[in-house]
Amino acid sequence: MSSLFMNGMYILYAFQVSISSVFVLFCLRKSLVVSLLETKLPIHIHHERIESLCSLVAEHPLHIFFLKVILSKLLGSVVYISWFSLLMWLDISTLFGLGILLYEGFYEPIYARGDIYHLRGNSVAPEVLFCLNSLIQLINPFWSSPDIVVYPSITYATNEEIRDAREKVNSESPLHQMVMNIYTQHKHKPVSRPVLVHLHGDAWQSRFKDTLQPYEKMLVTEKNWVIVNVGYQLGPSVHFSDQLINVKCALRWIKQCIHIFGGNPNCIVLSGASTGGYLASMTSLTTNDPIYQPEFESQDTSVCGVISVNGIMDLERKPTYLVEHSKVMAQETEASLPQVPSLYSLMKNREKNTTLVPFLMIGSGRDTLVDTCEIRKFKMTYDKASETEKKASQCSVLTVPNAHHFAFRNWSPRSIQMSCIITHWCQHIVSERLAEHA
């Protein structure tokens, strides 16, 4: 029994050391993950899971450090014997790697281009992390203020739209997907407040509206914004255009009814993460387009700004993007790929009387799902499309060199700093909109 117990301890220790060392290495070396994905090994099937775990390790190294220390204490001196010294040194190296990730999180050099640059002052410097609220957030990555009130699962579609959606997919799923959550402060002033509308990501086919991003929590608690998390129909049962129409339906409802919750229908900022960033960008670039507003063509669906966090901007950058998209969305063939909207063609061919709204594009340097070259290409196209307008380009780009794709999902040193910057940008955009309508 004693020998069996010892062997179990060896295996447990070896497992946790091996797994943690591999993912710390993945966090620090993006090229290693990319190289593995290019091999014939079936690793690409789990690409998103690998990136998600890398993001978890990179954003919460301190939590993992203490977990490893606790495991070592529980295992005691059993593992620190002669022929296990190799694993011990590997464990020490892993702890050192976690220290590097922790340092990077606190002192991330965020590169800003565009109008956002002048907003980066002392208020978004690393010292913001050492106030009481930030310390609570660092200890509990899922922390939310008790002052936040949620109004869950509000249906934004009409009865006829729900009925048509159910008949199209032959399912009851539209009843649960074509809904949204509204978040406000428990005690708010009776004034008209700006609104942030968020679209979730995850390949247009999973996740839901119930996750409140850190910058959303900061906007509602510190700046008294109204937050709306919109759900939409998921693939592969519907086409991308159906999801775009869903978002337009939600904006129609928000424009008409958000004043009930204290929101200002004329001050709406649209945000999206990952594939939600693409959907948010498409929604803005097809403002009031009757093709995507059936039966409500005359309704205003405009917004005053768009935030894309690690958004997929270029479906044509790699052939695999288009093939994967065609398989996910309604199981289409490559012959139907021209139906996939292009952000770049929309910007270039937009009507002369339409103006591009301000964009904030955020990219992560170690993201293996979305390359930062996509947001750079988007900004170049945006600048070229808007160069004949009176105002200078308002497409701002933030590059976070050491962040991963899901870096901003929960509280961490990096996500706190980014939330501060996003909050400043939103306040800046809204103040400009209010000044124009004063």
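**Close-up views of a predicted model**

**View 1. Strand S7 pairs with strand S8.** In this predicted model, S7 (residues 305-309) runs parallel to S8 as its pairing partner, over four bridges. Ile 307 stands opposite Leu 360 of S8.

**View 2. Strand S8 also pairs with strand S9.** S9 spans residues 395-400. The pairing of S8 with S9 is parallel and covers six bridges. Phe 359 has Cys 395 of S9 as its bridge partner.

**View 3. Strand S8 is buried.** S8 covers residues 359-364. Six of its six residues are buried, so the strand is largely enclosed by the rest of the structure. Phe 359, Met 361 and Gly 363 point one way from S8. Leu 360, Ile 362 and Ser 364 point the other way. Both sets are buried.

**View 4. Helix H10 packs against helix H11.** Two packed helices are described by the angle between their axes and the distance between the axes. Here H10 (residues 240-257) and H11 (residues 275-285) pack at about 65°, with axes 10 Å apart. That angle makes H10 roughly perpendicular to H11, because angles of 65 to 115 degrees count as such. The crossing of H10 and H11 is right-handed.

**View 5. Side by side: the residues of the H10 and H11 contact.** H10 contributes Phe 240, Gln 243, Leu 244, Val 247, Lys 248 and Leu 251. H11 contributes Tyr 278, Leu 279, Met 282 and Thr 283. By class, the residues of this contact are seven nonpolar, two polar and one charged.

**View 6. Asn 224 has a positive phi.** Most residues other than glycine have a negative phi. The phi of Asn 224 is near 65°, a positive value in a residue other than glycine. Asn 224 sits in the loop that links helix H9 (214-222) to strand S5 (226-230). Its relative accessibility is 15%. Asn 224 therefore counts as buried, the cut-off being under 20%.

**View 7. Asn 288 has a positive phi.** The phi of Asn 288 is near 60°, again a positive value in a residue other than glycine. Asn 288 lies in the loop between H11 and S7. The relative accessible area of Asn 288 is 34%, which means partly exposed.

Note on methods
Residues numbered from 1 in each chain as written. Predicted model: local features only at pLDDT ≥ 70, side-chain atom pairs only at ≥ 80, totals over all residues. Heavy atoms only, no water. Axes fitted to C-alpha atoms, helices over the stretch in contact; angles between N-to-C directions. Helix = DSSP H or I, 4+ residues; strand = E, 2+ residues; numbered from the N terminus. Parallel < 35°, antiparallel > 145°, perpendicular 65-115°, else oblique. Left-handed = near helix turned anticlockwise from the far one by under 90°. Contact = heavy atoms within 4.5 Å. Nonpolar A, V, L, I, M, F, W, Y, C, P; charged D, E, K, R; others polar. Buried < 20%, exposed > 50% of the residue type's maximum accessible area, 1.4 Å probe, protein only. Pairing = 2+ DSSP bridges.
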